[in-house]
Protein chains: 2
Amino acid sequence: MARVAVDALGGDRAPDEVIAGALEASARGVDVVLYGPEGLDTGGLELAVAPTAIGMAEKPSEAVRAKPDSSMVAAVRAVADGKADAVVSAGNTGAMLAAGLLHLRRLPGVLRPAIAVPVPTRRGASLLLDAGANADCRPEHLVQFAVMGSVFSTELLGVAEPAVRLLSIGEEPEKGNQLTIEAHALLTEAEGIRFAGNAEGRDLLRGAADVVVTDGFTGNMALKLLEGAITELLDLLRTEITATARGKLGGLLIRPAARRVRHELDPDTYGGAYLLGLRGLAVIAHGSSGRRAIANAIELAARGAEHRVVERLADRLPEREHARSV
Amino acid sequence: MARVAVDALGGDRAPDEVIAGALEASARGVDVVLYGPEGLDTGGLELAVAPTAIGMAEKPSEAVRAKPDSSMVAAVRAVADGKADAVVSAGNTGAMLAAGLLHLRRLPGVLRPAIAVPVPTRRGASLLLDAGANADCRPEHLVQFAVMGSVFSTELLGVAEPAVRLLSIGEEPEKGNQLTIEAHALLTEAEGIRFAGNAEGRDLLRGAADVVVTDGFTGNMALKLLEGAITELLDLLRTEITATARGKLGGLLIRPAARRVRHELDPDTYGGAYLLGLRGLAVIAHGSSGRRAIANAIELAARGAEHRVVERLADRLPEREHARSV
């Protein structure tokens, strides 16, 4: 049974929702250990004492170096020291990335670890990476993202031969910027992945592919745009619906349908973002995560450990690193 | 009264909807001349004969060079020759860009012409540029986009001192990729614009700024993502609503509200994309434009000519070109 270290103080709704989520994951059979201050009421779960916390606004690298005993860094170190198989935090994303690089370190052959986010679509999840770890990328980084995303998709999302697409601004190989044009060429030649060509922005929510690769700037931009567009559109619809009595009645009647839509597009289903390319599995839950998102993130982390995702990434990556080095 | 050359054969719904839109713009007082084949029924509008057409899938530069007598190229040349004050086409975007560069040429001092698109938001239009003319940009290009966007926003959208934001993945100046970090520094120092800092993807539909600058890859990606997200979400909602009898009734009741939402976010309100930085005003209407979008595009083009937008761009640009050259 996989053992997951959970940062009890990470996230906007910590520690209550984090503990509730950890209890739910524990009830599902995961061996959870919470990292937090002495005396924290864990509802009976094991507590490893970590007295300080890293705030959402702190500078990542500085905070990680200054607070080795913080709940987040201690939980990451637990994985590095072999005391846990995976780590989950809903805290500061940059700090998790910094802590992962510092304490877990990169797998041999990995040029750049990437943040992978399962984007809910009508046809199941599309794994988008990089979602923000590397704002500037080179074409060979995107090829590694494709390999890492394919391994994750197969092992954790159960997709047999994941189709990979490159996020660009046209389907033709010669459309895009310098990065995507060169990456397209490399992806076409890459072995061990099923490259299906470019995807455009409008294809993303449609579930164009199992894995969508892009640089961290574009990936982060895309996620925030989608998030913003969905929120804004539903708000606007609510405003217009409640502006008339007729609309209000209609609004009541469509409420279950609206709820199903929200549920279908709910990022909490997949619990968060996955840091791939490190010598240990690290999961960053959304800052606003509630218990369900936390529980799902912990369960997916445990499943990742059981499926030996890190070892499988290690197996698949070094071979393709010979061609070009950092 | 401004005279606008209109490509009668451009767009998915040409020539019927284009002619209908041209008639509507003419009724609003614009002097319209249609470019199309001999014998075309223009409903009484002036016809300038242009026997061939450029298709949506043709290679832009090749097509523009091979077909100087096409309806699109002839309409662009009318502006270059002083026979018209502005040109409108709903045809091949790349071909319009190529025709503009070849026949209108860049204004002195302009490094890169940009495509500016008014994005409908809850608080009026945000002008997004570059929306796809330049997939790879340098920081100084983004500064020029800010200046061109500000002039357009003031002269054509009536904003007195337009706020400019830089599209990035964090509000802090040091967040983003190399391009946005350098552009942020240049924009902070730039004179003659009101730079208000970075905007994130989620702010775009909220109407974060009057002008939003970005490279053409990111801008095009953002537009297509928004378009896709809105379509997909409304589709999904419709599917869920019509899945039950209760939902169907509710759907009928909220129909007027849904229509208001669609109207509020309808890109047709602004008619299209504006090619800024050329020695003549060129407007690219959406390929699927109906008569309303065409009429609005023609009217906005005429207004641009009357406000001497091109001359004002010329006045404002060269001064800031001295600092760095191509």
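The points below describe the chains, the sheets, the helix packing, the domains and some backbone details of this structure.

1. **Basis.** This is a predicted model, in which local features need pLDDT of at least 70 and side-chain atom pairs count only at pLDDT 80 or more, while totals for chains, interfaces and linings use all residues. Residues are numbered from 1 along each chain as its sequence is written, and chains are lettered from A and ligands numbered from 1 in the order in which they are written.

2. **Interface.** Contact joins 46 residues of chain A to 46 residues of chain B, two residues being in contact if their C-beta atoms, placed from the backbone, lie within 7 Å. The elements of chain A that give two or more residues to this side are α7 and α8 (245-264), and α7(A) gives the most, with 18 residues; helices (H or I, at least four residues) and strands (E, at least two) are DSSP runs numbered from the N terminus. The side of chain A that touches chain B divides into 22 nonpolar, eleven polar and 13 charged residues, where Ala, Val, Leu, Ile, Met, Phe, Trp, Tyr, Cys and Pro count as nonpolar, Asp, Glu, Lys and Arg as charged, and the others, Gly among them, as polar. Since 100% of the interface residues of chain A are also interface residues in chain B, the copies meet through the same surface.

3. **Sheet of chain A.** An open sheet with mixed pairing is formed by eleven strands of chain A in the order β3-β2-β1-β4-β11-β10-β5-β6-β9-β7-β8; strands pair if DSSP finds at least two bridges between them. Its edge strands, each pairing on one side only, are β3 (46-49) and β8 (194-199) of chain A, and the twist averages 25° from one strand to the next. Here axes are lines fitted to C-alpha atoms, for helices over the stretch in contact, and angles run from 0 to 180 degrees between N-to-C directions. Within this sheet, β7 (residues 163-167) and β9 (residues 211-213) of chain A pair in the parallel sense over three bridges, and Val164(A) has Val211(A) in β9(A) as its bridge partner.

4. **Helices on the sheet of chain A.** Helix α7 (residues 216-241) of chain A lies across β5 (114-121), β6 (124-129) and β7 of chain A, and runs at about 140° to β6(A). Helix α9 (residues 291-306) of chain A also packs on the sheet, where it touches β1 (3-7), β2 (31-36), β4 (86-89) and β11 (281-284) of chain A, with its direction making about 160° with that of β4(A).

5. **Domains of chain A.** Chain A is divided into domain 1 (1-110 + 277-307) and domain 2 (111-267), with bounds that come from an automatic or database domain assignment. Their C-alpha centres lie 25 Å apart, and twelve residues of domain 1 of chain A are in contact with ten residues of domain 2 of chain A. On the domain 1 side, the elements giving two or more residues are α4 (93-104) and α9 of chain A, and the residues of this side divide into five nonpolar, five polar and two charged.

6. **Helix pair in chain B.** Helices α3 (residues 71-80) and α4 (residues 93-104) of chain B pack at an angle of about 35°, with their axes 9 Å apart. The residues of their contact divide into nine nonpolar, two polar and one charged.

7. **Backbone details to inspect.** Most residues other than glycine have a negative phi, and most peptide bonds are trans. A cis peptide bond joins Ala14(A) and Pro15(A), with omega about -5°, and Pro15(A) has its place in the loop between β1 and α1 (16-27) of chain A. The peptide bond from Leu129(A) to Asp130(A) is cis as well, with omega near 10°, and Asp130(A) is placed in the loop between β6 and α5 (139-157) of chain A. Arg105(A), although not a glycine, has a positive phi of about 65°, and is found in the loop between α4 and β5 of chain A.
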